[in-house]
Amino acid sequence: MDLEIKESALPGIGQKFCVETRSGERLVIIVHNDERREIFRMSESDPDEVLAVVTLSEEESRAIAAILAGIVYKPKLEETREAVLEDLIIEWIRVEPSFACIGKRIGELDLRQRTGATVIAVVEKDHRKTINPGPDYVFSSGSMLIVVGERIHLNGLKQLLSKGEAKGAE
């Protein structure tokens, strides 16, 4: 995960969380002992400059957390990040740092033959896109794969990518 969170105690006040998002935005969240929450949006160029502050009660914080976590509303595509066409499914899979496929080629893993699923596109961390990657494409951490297949094929593909084996898909 690209999100960096630093936590520190503020004696007599509460707890401080510094968050730097993937896009480089910086937030400071202070959870006060009296249950208030303050969210500070910091300047990207000056780490001490506050651009905006929001103060929330505990109840407001919980309501907003539920919205952000997708408990209140989850867009249909985000629920499963897939589109179903009869039995054919298109799904997005992020290559996590722990995946066994990192550094290996599509052809080396023999994805189509072993799982029945196909990688139809890849979006790299630097936003570079590869449409219909060939057998020489090398998997790297953080890449987003757009894959297609039936559910059993995609489950096998996920196993192969993450653990190096494709159970039940062959």
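**Exercise 1.** Work out where Ser-61 sits and whether Ser-61 is buried or exposed.

*Solution.* Start with the helix: Ser-61 belongs to H1, residues 58–68. (Helices are DSSP runs of H or I with at least four residues, strands are E runs of at least two, both numbered from the N terminus.) This is a predicted model, where local features need pLDDT of at least 70, side-chain atom pairs count only at pLDDT 80 or more, and totals for chains, interfaces and linings use all residues. Residues are numbered from 1 along each chain as its sequence is written, and side-chain values use heavy atoms, with hydrogens and water left out.

Next, accessibility: Ser-61 has 13% relative accessibility, so it counts as buried (under 20% relative accessible area; exposed is over 50%, partly exposed in between, with a 1.4 Å probe and protein chains only).

**Exercise 2.** Find which residues Ser-61 is in contact with, leaving aside neighbours within four places in sequence.

*Solution.* Look for heavy atoms within 4.5 Å, which is what contact means. That gives you Arg-37 and Leu-56.

**Exercise 3.** Say which element gives the largest share of the lining of the largest pocket.

*Solution.* Go through the elements: strand E3 (26–32), strand E4 (37–42) and H1 each supply at least two lining residues. H1 takes the largest share, with four residues. Ser-61, Arg-37 and Leu-56 are among the lining residues.

Notes:
On a 1 Å grid over the protein atoms alone, a cavity is a set of points where a 1.4 Å probe fits but cannot get out, and a pocket is an open set with protein on both sides within 12 Å along at least five of seven lines; lining residues have an atom within 4 Å of a point.
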